[in-house]
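Visitor: Please show me how to read the features of this model, one at a time.

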Amino acid sequence: MPGYVVRRLGFAVLQAMFVLVATFAVTALLPGDAASVVLGEQATDEQVATVRHRLGLDQPLLDRFGHWFSGLLTGDLGRSLVTGAPVNDEIARRFAATAVLAGVTLLVLVPLALGVGVTCGLREGSRIDRVLTAVTLFLHAIPEFVLGLLLVAGFAVYTGLLPATAAGTEPAAHPEVLVLPVIVLVARQLCDVARQLRIGIAEQTRGQVAGHLRLLGLPERTVVLRHLLPAAAAPAVQQLARAVEGLLTGTVIVESLFAITGLGTGFVEAVQNRDIPQVQGYVLMFAGVVVLGNLAADLVAHRLTPQREPASW
């Protein structure tokens, strides 16, 4: 176990270094720049050149990378080229909304996926297994914007039971605005997590260990919760990590549809404005979530996976 942890941490560090270089290189290749966005299409070449000099966009690429990297070492992501505000503050403000949305989604997703996955795995091939599998596959197949529009039409426009968007409100202060986006996100992620858990539970149930434990007279609840579930959880944990990554980095459609000022909409606006420091900040944060999420999932899965003892001769 310690050797695996050291190797995995070393690989994560290499991934982080690659992400730093790739982020700067890719953003440097974006067409246009913030000077054109700030001045508009009617600006003269002299005005654009003046703004580019003021923003430091005319410096050599290596000098700009060195300045950017030195700021990263102190936790400074720079300032927005469009608004002049610190990038750290902008990302932190938007992260709060996305974190609330992701947290509430996970509070619903995890127990629901556990219930569906364990139920289907223990009753593999039964009617309830087929029904639940079909329902989760159907929900997974519906595009997020289609399901979101249907929910808005049914629960906001026609019945008025729930607000259609979160425009002008803080999700943490008005949790009712999160109901519809959470349903959309849970419907998208439920199938993948529950399916991995179902496969693992079904395999463990057919194994010799489960039969032996039942022959010993252990209660079914103990067999499932203390033996089958931990042994079957490794693939589901890795899939759940991907779900968390998606909730923190890939909710652009849901945030745009329900007017949530989160990370996804902020990243899109930064790209549209050619605001390079903000784009770099968002990309680094997204990449950090992915690297740390994969690292945590791999370590937990490695801990849950039974390890073979070395043969003694």
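Visitor: Where is the place of P171?
Guide: Helices (H or I, at least four residues) and strands (E, at least two) are DSSP runs, numbered from the N terminus. P171 sits in the loop between α7 (144-158) and α8 (179-206). This is a predicted model in which local features need pLDDT of at least 70 and side-chain atom pairs count only at pLDDT 80 or more, while totals for chains, interfaces and linings use all residues. Residues are numbered from 1 along each chain as its sequence is written, and side-chain values use heavy atoms, with hydrogens and water left out.

Visitor: Is P171 buried or exposed?
Guide: Buried means under 20% relative accessible area, exposed over 50%, and partly exposed in between (1.4 Å probe, protein chains only). P171 has a relative accessible area of 6%, so it is buried.

Visitor: With which residues is P171 in contact?
Guide: Contact means heavy atoms within 4.5 Å. Apart from neighbours within four places in sequence, P171 is in contact with V100, V177 and L178. Also, 9.3 Å separates the C-alpha atoms of P171 and A96, which are 75 residues apart along the chain.

Visitor: How many helices and strands has the protein chain?
Guide: The protein chain has 13 helices and zero strands. Of its 313 residues, 37% count as buried. Take the contacts in the chain with a separation of 6 or more: residues 24 or more positions apart account for 74% of them.

Visitor: At what angle do α6 and α8 pack?
Guide: Axes are lines fitted to C-alpha atoms, for helices over the stretch in contact, and angles run from 0 to 180 degrees between N-to-C directions. Helix α6 (residues 127-141) packs with α8 at about 140°, and their axes are 7 Å apart. Angles under 35 degrees count as roughly parallel, over 145 as roughly antiparallel, 65 to 115 as roughly perpendicular and the rest as oblique. The two helices α6 and α8 are therefore oblique to each other.

Visitor: Is the crossing of α6 and α8 left-handed or right-handed?
Guide: A crossing is left-handed if the near helix is turned anticlockwise from the far one by less than a right angle, and right-handed if clockwise. The crossing of α6 and α8 is left-handed. Residues of α6 that meet α8 include D129, T133 and H140, and among their partners in α8 are A187, D192 and R198.

Visitor: Which residues does D192 touch?
Guide: D192 belongs to helix α8 and touches H140 and Q239, not counting residues up to four places away in sequence. With a relative accessible area of 16%, D192 is buried.

Visitor: How do the axes of α7 and α8 cross?
Guide: They come within 10 Å and cross at roughly 145°. Here α7 passes α8 in a right-handed crossing. On the α7 side, the meeting residues include E144, L151 and F155, and on the α8 side they include L180, V184 and R188.

Visitor: What is the phi of A259?
Guide: Most residues other than glycine have a negative phi. A259 has a positive phi of about 55° although it is not a glycine. A259 lies in the loop between α11 (252-257) and α12 (263-272), and at 31% relative accessibility it is partly exposed.

Visitor: With which side chain does Q278 make a polar contact?
Guide: A polar contact is a pair of N or O atoms within 3.5 Å; within protein, one must be able to donate a hydrogen and the other to accept it, and residues adjacent in sequence count only if both atoms are side-chain atoms. The side chain of Q278 makes one with the side chain of S80 (3.2 Å). Q278 is in helix α13 (residues 276-304) and is buried, with a relative accessible area of 9%. Leaving aside neighbours within four places in sequence, Q278 contacts S80, V87, E90 and A270.

Visitor: With which residues is L295 in contact?
Guide: L295, also in helix α13, is in contact with R8, L9 and A12, leaving aside neighbours within four places in sequence. L295 and L9 are 286 residues apart along the chain, with 7.5 Å between their C-alpha atoms. L295 has a relative accessible area of 10% and is buried.
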